[in-house]
Amino acid sequence: MSSPLSREAAVDSRTQAAALVGTGVGLWLLATLAFRLVGQFLLPPDDSSRVAIVFVTTVPVMAMLAFAVYSLLDVPPDRRLTAATLLVLPGMVLDAIVVTTFEWVFANMSPAAGSTFGGLLLLAYASVLLTGIVPLTYVGGSDDVTEQATEHTDDATGDRSGNEPVGES
C-alpha cells in the first residue's frame, strides 16, 4: 500500500475527484431532464400534498444515491465530506443558471413552481452534503464508527469513558 503522500495516492485522489465531479454532472443532467419531462406532475402548484411527498422522499433518495456513489467509487468514510462536496458542486453551479432561466428550461412547469423547485434543489443538495457528515451507521448501514466506539469504553459494559465525542477517535 502506498503512503498518503505518494504520487500514486495523489493520482488516485485526482482520479476519484474527477469521477465524483463527472458523476455529479451526470446526475445533474439526468435530474434536469427528468424535471423537464415530468416536472409538471411532480411539482404542481395546486397540489401541496404531492409537493410534500416529493420533498419528503427527496431526503432518503438523495442520501441513498450518495452512499451508492461512495460505495461504487470506494470513498473511505473519512473522505465523504469532500466527496459529497465534489458530487454536488457541479449541480449547484449549473442549477444557479437553470433556476435563473426556469421558465425557459422548464417550459412544461408552471412559473409558480419556480420557487418550490429552488427549495427542492436546496433540500436535495443539503441531503447529499449531510451524508458527508453523518456516519452510515446512523442510517442503518455499517461503518468504521462502530468499531471506534467500542475502542473507547471503560469496561466490559460498553459504557463510553466520556472523554471523547461520539464518532471521533
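1. Alanine 107 sits in the loop between α4 (102-105) and α5; helices here are DSSP runs of H or I of at least four residues, strands are runs of E of at least two, and both are numbered from the N terminus. Apart from neighbours within four places in sequence, alanine 107 is in contact with Arg36 and Phe102, contact meaning heavy atoms within 4.5 Å.

2. The model is predicted, so local features are taken at pLDDT of at least 70 and side-chain atom pairs at pLDDT 80 or more, while totals for chains, interfaces and linings use all residues. Residues are numbered from 1 along each chain as its sequence is written, and side-chain values use heavy atoms, with hydrogens and water left out.

3. On the overall fold, the protein chain has six helices and zero strands, and its elements run α-α-α-α-α-α from the N terminus on. Of its 169 residues, 30% are buried (under 20% relative accessible area; exposed is over 50% and partly exposed lies in between, with a 1.4 Å probe and protein chains only). The chain exposes about 10,400 Å², and carbon and sulfur atoms supply 66% of that area; the areas come from the Shrake-Rupley method with a 1.4 Å probe, and for residues only the protein chains shown count as cover. Among contacts between residues at least 6 apart in sequence, 65% join residues at least 24 apart.

4. The largest nonpolar core has 26 residues, and Phe35, Leu43, Tyr70, Phe106, Met109, Phe117 and Val128 touch the most other members. Such a core is a set of buried Ala, Val, Leu, Ile, Met, Phe, Trp, Tyr and Cys residues joined through side-chain atoms within 4.5 Å. The elements giving two or more residues to this core are α1 (7-42), α2, α3 (80-100), α4 and α5. Helix α2 gives the most, with six residues. In soluble globular proteins, nonpolar side chains tend to be buried together.

5. Phenylalanine 35 deserves a separate entry. Not counting residues up to four places away in sequence, phenylalanine 35 touches Leu42, Leu43, Phe106, Asn108, Met109, Phe117 and Leu120. Ring pairs also link Phe35, Phe102, Phe106 and Phe117 into a cluster.

6. The count of aromatic pairs comes to five; rings of Phe, Tyr and Trp (its six-membered ring) pair if their centres lie within 6.5 Å, with planes under 30 degrees apart stacked, over 60 edge-to-face and the rest tilted. The phenylalanine 67 and tyrosine 70 pair is edge-to-face because the ring centres are 5.8 Å apart and the planes stand at 85 degrees. Both residues lie in helix α2 (residues 48-72), three residues apart, about one turn of the helix. Phenylalanine 67 is buried at 13% relative accessibility, and tyrosine 70 is buried at 2%. Phenylalanine 102 and phenylalanine 106 form a tilted pair, 5.4 Å centre to centre with 40 degrees between the planes, and both of these residues are buried.

7. Helix α3 has 21 residues and reaches 30 Å from its first C-alpha to its last, close to the 30 Å expected at 1.5 Å a residue (the expected span is 1.5 Å times one less than the number of residues). A kink of about 30 degrees lies at valine 88, shortly before proline 90; the bend is the angle between axes fitted to the seven residues ending at a residue and the seven starting there. The buried residues of α3 include Leu87, Val88, Pro90 and Gly91.

8. Alanine 84, in helix α3, is buried at 0% relative accessibility. Leaving aside neighbours within four places in sequence, alanine 84 is in contact with Tyr70, Val128, Leu129, Thr131 and Gly132. Alanine 84 and isoleucine 133 are 49 residues apart in sequence and 9.1 Å apart C-alpha to C-alpha.

9. Helix α5 (residues 114-131) has 18 residues and spans 26 Å between its first and last C-alpha, close to the 26 Å expected. Its buried residues include Phe117, Leu120, Ser127 and Val128. Serine 127 has a relative accessible area of 6% and, beyond neighbours within four places in sequence, is in contact with Val59 and Met62.

10. One backbone detail to check is aspartate 74, which has a positive phi of about 55 degrees although it is not a glycine. Aspartate 74 is in the loop between α2 and α3 and counts as exposed at 61% relative accessibility.
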